[in-house]
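Please have the sequence at hand while reading.

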Amino acid sequence: MVELHCHLDGSMRLSTLKDLLREKGYKIPKDIKFHPGMGLTEALSRFKTTLSVLQEPKSVERVVEEMCLDAKAFGHSFTEIRFAPQLHHGAPIEEIVDAAISGLCEHSSLILCGLYGENPQVLNILVEIARVKERVVGIDLAGGPLPQHKWSLLDYSGAFSKARKYGIGRTVHAGEGRSPKEIEVAINFLHAQRIGHGLTLLEDRKVLDLVREKDVTIEACITSNWHTGGIKKLSEHPIKKWIDEDVRVAICADNTLLSDTILPQEYRRAVAHCGLSYKDTMKCKQYAIEALFRR
């Protein structure tokens, strides 16, 4: 199995989170984990706790190293770990990225995340960092748009165009319960090769055709979408319909700690609740391998 969509700050070990909270003298929350229907905004707010203990390079390195060990135990053949180093203020961005690289194993790599609403210059900085660090294989636009944001999805096209020029992989969180137009913009103007979540894809046949034409891979995060309210129950996830429509789909865990899941469990849920056949799961595994970002 290959994991394409896994956030560092949402996938640390619970024991490590508690250790780091104690070291800093912070209160350990009664429940850090997501729950069904909580909504994307509340879900994103949970990252404040995990980020609070991931400010220094040594903590980042530790968590990446542990994620790689866990991935091996879960049966991953390769894992792409993504995070937004600009949110870790204990050292300059490049030092944070280097710490994450130090924690990687042979069968892992990094994706750097810009954030919706952020000044596009931040993403430009991440692209320049990725350009000179081989273990950084891609960039992402994560989070979600809010009415008060000054910058729109299109404003990040310059950074993504530069990433394409440098041969850096491109993925975008889009259509996560929002208009499929996001997916179209991400592909046509941000040159996205993969789309994170993409729940609303089937609402627009033109966008569906575009995804198939460009061989874009959808990073399906079933449990995460259930938690954030994108679907009301697991059986409503469109993954089976995507596969039947010849869409390239990779099954992903998103946040192993916060969603209390692992990649093998996501495959089991896809079969048990979404109706995937064994042949469907094998397709997803192959699509994930083919969609890996390589430098």
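In helix α5 (residues 93-103), the buried residues are I96, V97, A99, A100, I101 and G103. Buried means under 20% relative accessible area, exposed means over 50%, and partly exposed lies in between, with a 1.4 Å probe and protein chains only. Helices (H or I, at least four residues) and strands (E, at least two) are DSSP runs, numbered from the N terminus. The cover over the buried residues of α5 includes α4 (57-74), β2 (78-83), β3 (108-115), α6 (120-132) and β4 (136-142); contact means heavy atoms within 4.5 Å.

The model is predicted: local features need pLDDT of at least 70, side-chain atom pairs count only at pLDDT 80 or more, and totals for chains, interfaces and linings use all residues. Residues are numbered from 1 along each chain as its sequence is written, and side-chain values use heavy atoms, with hydrogens and water left out.

**Helices**

Of the 8 residues of helix α8 (residues 181-188), 6 are buried, so this helix is largely enclosed by the rest of the structure. The buried residues in α8 are E182, I183, E184, V185, A186 and I187. Among the elements covering them are β5 (169-174), β6 (194-197) and α9 (205-213).

Helix α6 packs against helix α7 (residues 157-166) at an angle of about 10 degrees, with the axes 9 Å apart. Axes are lines fitted to C-alpha atoms, for helices over the stretch in contact, and angles run from 0 to 180 degrees between N-to-C directions. The two helices α6 and α7 are therefore roughly parallel to each other (angles under 35 degrees count as roughly parallel, over 145 as roughly antiparallel, 65 to 115 as roughly perpendicular and the rest as oblique). On the α6 side the contact involves L123, N124, V127, E128 and R131, which meet A159, F160, K162, A163 and Y166 of α7. These residues divide into 6 nonpolar, 1 polar and 3 charged. Here Ala, Val, Leu, Ile, Met, Phe, Trp, Tyr, Cys and Pro count as nonpolar, Asp, Glu, Lys and Arg as charged, and the others, Gly among them, as polar.

**Rings**

There is 1 aromatic pair in the structure. F34 and F47 make this edge-to-face pair, at 6.3 Å centre to centre and 70 degrees between the planes. F34 lies in the loop between α1 (14-24) and α2 (40-45) and F47 in helix α3 (residues 47-52), so the pair ties together parts that are 13 residues apart in sequence. Both F34 and F47 are buried. Rings of Phe, Tyr and Trp (its six-membered ring) pair if their centres lie within 6.5 Å; planes under 30 degrees apart count as stacked, over 60 as edge-to-face and the rest as tilted.

Charged ends also sit over rings, a term that requires NZ of Lys or CZ of Arg within 6 Å of the ring centre and within 35 degrees of the ring normal.

| Charged residue | Ring | Distance to ring centre |
|---|---|---|
| R194 | F293 | 3.9 Å |
| K285 | Y267 | 5.3 Å |

**Backbone angles**

Most residues other than glycine have a negative phi. H197, which is not a glycine, has a positive phi of about 80 degrees. H197 is placed in strand β6 and is buried, with a relative accessible area of 1%. D254 has a positive phi near 75 degrees. D254 belongs to the loop between β8 (248-251) and α12 (263-274), and is buried at a relative accessible area of 3%.
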